[in-house]
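Please have the sequence and the 3D view open as you read.

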Amino acid sequence: MDRPVLLMTRPRAASERFLAELAGDGISGFTTIISPLFDIQPAEQLPDLSGIKGLIFTSAHGVTSYCDLGGSPALPCFAVGPATAETARKHGFDVTSSSGNVEDLRDLIVSHAPSGPLMHLHGAHVTGDLKRILSTKGIPTQSAVIYDQPERPLNNAAVDALNSRLPVIIPLFSPRSGRLLTCTEWKGTSLLVAAMSDVVAEAISGGGIHSLCVSQAPNSASLRNCVAQLLQKACSLLDEQDPQGL
């Protein structure tokens, strides 16, 4: 019997982490395809951190890239959400975390009023300008790119799924992922997207999507709820295609 496809387009480690969380929630009944739309490539070296009093991470990739480049967890850090915070704690950081988006992180840092200077370590593609915003609020902040995110084409399994009659559920975590997916051609008519936020949803709008679910909060738990809802819709679509279950 056919099953819906869950297409994960994050880098493999992040995709596997999300799949493990789905399994922990008891969400199953799909065929998994992992086909990252971009890679993570750490920079050659870290920026000069002399005098820096704290770090800011807006993704788990920032934490792992920092550590891969030899960075020490001795400095306290602010993290954008639970997944980033968990990664930072596993690497030994003293973490203060917001609920999952850049706006919440900005407000959190302002409320703590650290003396600074802070350093925002991020990828080549980033949402928001924390350096400028925090600096204008009296918290000296610098920023540096410590990893790149070169795009990748979908693999053959993903392309075949998108061109099949099977419902395909795609969780999207960032606006860039949405834009990269929009640039991909597909002939299937049952694409169901779980978007981390309204901004992510806007990036994929107009792309011939059958169903769109926007996460109620910018975190993994809420996005998993979206996936569960879309999985029910996907199973209904399969029942309509084959009402006798043959």
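The sulfur of Cys235 has its closest cysteine sulfur in Cys213, 15 Å away, which is too far for a bond, since a disulfide needs two cysteine sulfur atoms within 2.5 Å. Cys235 is partly exposed, at 33% relative accessible area. Bear in mind that this is a predicted model.

Which cysteines does a disulfide join? The partners are Cys213 and Cys226, with their sulfurs 2.3 Å apart, and this is the one disulfide that the structure holds. The link of Cys213 and Cys226 is left-handed, with -70° about the S-S bond. Cys213 sits in strand E11 (residues 211–214) and Cys226 in helix H9 (residues 220–241), so the bond ties together parts that are 13 residues apart in sequence. Both Cys213 and Cys226 are buried.

Cys77, by contrast, takes part in no disulfide: its nearest cysteine sulfur belongs to Cys67, 9.2 Å away. Cys77 is buried, with a relative accessibility of 2%.

Here are the sulfur distances side by side:

| Cysteine | Other cysteine | Sulfur to sulfur distance |
|---|---|---|
| Cys213 | Cys226 | 2.3 Å |
| Cys77 | Cys67 | 9.2 Å |
| Cys235 | Cys213 | 15 Å |

Now for the histidine. Is His120 buried or exposed? His120 is buried, because its relative accessible area is 3%, which falls under the 20% cut-off. This residue belongs to strand E7 (residues 118–123). Beyond its neighbours within four places in sequence, His120 is in contact with Ile56, Thr58, Val126, Leu130, Gln142, Ser143 and Ala144.

Notes
Residues numbered from 1 in each chain as written. Predicted model: local features only at pLDDT ≥ 70, side-chain atom pairs only at ≥ 80, totals over all residues. Heavy atoms only, no water. Helix = DSSP H or I, 4+ residues; strand = E, 2+ residues; numbered from the N terminus. Buried < 20%, exposed > 50% of the residue type's maximum accessible area, 1.4 Å probe, protein only. Contact = heavy atoms within 4.5 Å.
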